[in-house]
Amino acid sequence: MTRVFSGIKPTGHLTLGNYLGAMRQWGAVDQHQADSLFCIVDLHGMTVDHDPARLRRLTRQAATLLLAAGLDPELCTVFVQSHVDEHTRLSYLMECVATDGEMRRMIQYKEKVASEGARGRSVRLSLLTYPALMAADILAYGADEVPVGDDQAQHVELTRDLAVRFNQRYGHTFVVPKATVPKVAARVMNLQDPTSKMGKSDDSGAGIVYLLDEPDVIRKKIVRAVTDSGREVVYVREEQPGVANLLEILAACTGGNPESLGIVHDSYGALKQATAEAVLDMLSPVQARHKELCADPGYVEGVLRHGAEKARAIARPIVDTAYRAIGLLPPGAFSGAAAAEPALNAVR
Ligand code: TYM
């Protein structure tokens, strides 16, 4: 059976981008068709400035929202990254396989260094090594597929390279995974600046639809979305990024396709109204379920505890195999290993 792994970082409130680019696919397809694991990657949440209490709050909120969005613990495994030590154990091995240059080429790293640099600030070392931890997240589970939005494809590509390199150097250990990206809305753009991604940790909230925004706030944000100077509703991303973004959101919510939805709506106003209604229809059951789950934190806690146990049972033997393959002496194997190795004076 195909194994799927994906993760979400609790650095801010989850957005429509997270939902359409990743979460929805996890609940609607992956958990039914594959042996799936979904992780709230809290360690990744510390690669940028963070407040401990907020990180804990956002971790709880992300877990609750994943369940509200339809992840069913009977069908898949939901857990928190820091509850399973195998991620950090394997991450160091990935750092020993990756190069400094590879890490510095990652777009997200370069963008963050540029924006922090402009404010005279430096970034955390963990931001540079982040892709090694992300590779560990994926490879520790032998995942075949990694369902992500478009912005994570480069990190999954690097994960593939590291898996292949490790296997070549130290013997076959890891499954080489591939990214799966949704056909529409793989990169939902900011409603106020449709040339940049709708990101959960962006400064201004006006262009970002948060999954837990009140319905009238969602409606306002969509109706006030920046559109383009033309009048016609056509799907041409390069020329009309604002309209194209709304068409993609509408298509993703209704199951249509952006080109033909452009023909159906004869004004920007009509397109915005239709998109707002479609987003509200899609999110209202998620919000209702979230409210119910918030009243039952013991249930969510139990799901995460059981999820971590299941995750650990899968990751432990894979990471142990990688430790042996790379040359680390297993505990308690001193004399057995010595017998199998050449005489000490032959070791260079
Ligand atoms: P994160 O937390 O930024 O985003 C979680 C998922 O949501 C997708 N996404 C989007 N998709 C479409 N449009 C958008 N505007 C948008 N914003 C976010 C992301 O592509 C992602 O799939 N590095 C990862 C977390 C991670 C991970 C992993 C993912 C850590 N280890 C292992 C997969 C496998 C991240 O920062 O995602």
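Which strand holds valine 80? Valine 80 sits in strand β3.

## Basis of the model

This is a predicted model: local features need pLDDT of at least 70, side-chain atom pairs count only at pLDDT 80 or more, and totals for chains, interfaces and linings use all residues. Residues are numbered from 1 along each chain as its sequence is written, and side-chain values use heavy atoms, with hydrogens and water left out.

## Valine 80 and strand β3

Strand β3 spans 76-80. Strands (E, at least two residues) and helices (H or I, at least four) are DSSP runs, numbered from the N terminus. Valine 80 is buried, at a relative accessible area of 2%. Buried means under 20% relative accessible area, exposed means over 50%, and partly exposed lies in between (1.4 Å probe, protein chains only).

Valine 80 and aspartate 42 are 38 residues apart along the chain, and their C-alpha atoms are separated by 6.8 Å. Contact means heavy atoms within 4.5 Å. Beyond its neighbours within four places in sequence, valine 80 is in contact with Cys39, Ile40, Asp42, Thr59 and Leu304.

## Domains

The chain divides into domain 1 (3-181 + 297-326) and domain 2 (215-293). The bounds come from an automatic or database domain assignment. Taken over C-alpha atoms, the two domain centres are separated by 29 Å. The contact takes 13 residues from domain 1 and ten residues from domain 2.

## Nonpolar cores

The largest nonpolar core has 57 residues. A nonpolar core is a set of buried Ala, Val, Leu, Ile, Met, Phe, Trp, Tyr and Cys residues joined through side-chain atoms within 4.5 Å. Tyr19, Leu20, Met23, Ile40 and Val78 touch the most other members of the largest core. Helix α11 gives the most to this core, with ten residues. Domain 1 and domain 2 both give residues to this core, so it lies between them.

Tyrosine 19 has these contacts, leaving aside neighbours within four places in sequence: Arg24, Ala69, Leu211, Met282, Leu283 and Val286. A second, separate core has 40 residues, including Met106, Ala143, Phe174 and Val319.

## The second largest pocket

Which residues lie nearest the centre of the second largest pocket? They are Arg60, Pro297, Val300, Glu301 and Leu304, out of 15 lining residues. On a 1 Å grid over the protein atoms alone, a pocket is an open set of points where a 1.4 Å probe fits, with protein on both sides within 12 Å along at least five of seven lines; lining residues have an atom within 4 Å of a point. The volume is about 360 Å³. A volume is the space filled by probe spheres set on the points, which are joined across faces, edges and corners.

The elements that give two or more residues to the lining of this pocket are α2 (52-68), α11 (268-294) and α12 (297-326). Helix α12 gives the most, with five residues. By class, the lining holds six nonpolar, five polar and four charged residues. Ala, Val, Leu, Ile, Met, Phe, Trp, Tyr, Cys and Pro count as nonpolar; Asp, Glu, Lys and Arg count as charged; the others, Gly among them, count as polar.

## Loop positions

Proline 73 lies in the loop between α2 and β3. Proline 73 is partly exposed, at 22% relative accessibility. Its contacts, leaving aside neighbours within four places in sequence, are Leu67, Tyr299, Val303 and Lys310. Glutamine 31 is 42 residues from proline 73 in sequence and 9.3 Å from it in space, C-alpha to C-alpha.

Aspartate 150 is in the loop between β4 (145-147) and α7 (153-170). Aspartate 150 is partly exposed, with a relative accessible area of 33%. Aspartate 150 and alanine 186 are 36 residues apart in sequence, yet 5.2 Å apart in space, C-alpha to C-alpha. Leaving aside neighbours within four places in sequence, aspartate 150 is in contact with Val181, Ala186 and Arg187.

Alanine 185 falls in the loop between β5 (178-180) and α8 (215-223). Alanine 185 has a positive phi of about 65 degrees, although it is not a glycine. At 1% relative accessibility, alanine 185 is buried.

Glutamate 116 belongs to helix α5 (residues 107-118). Is glutamate 116 buried or exposed? Glutamate 116 is buried, with a relative accessible area of 9%. Glutamate 116 touches Arg121 and Val123, not counting residues up to four places away in sequence.
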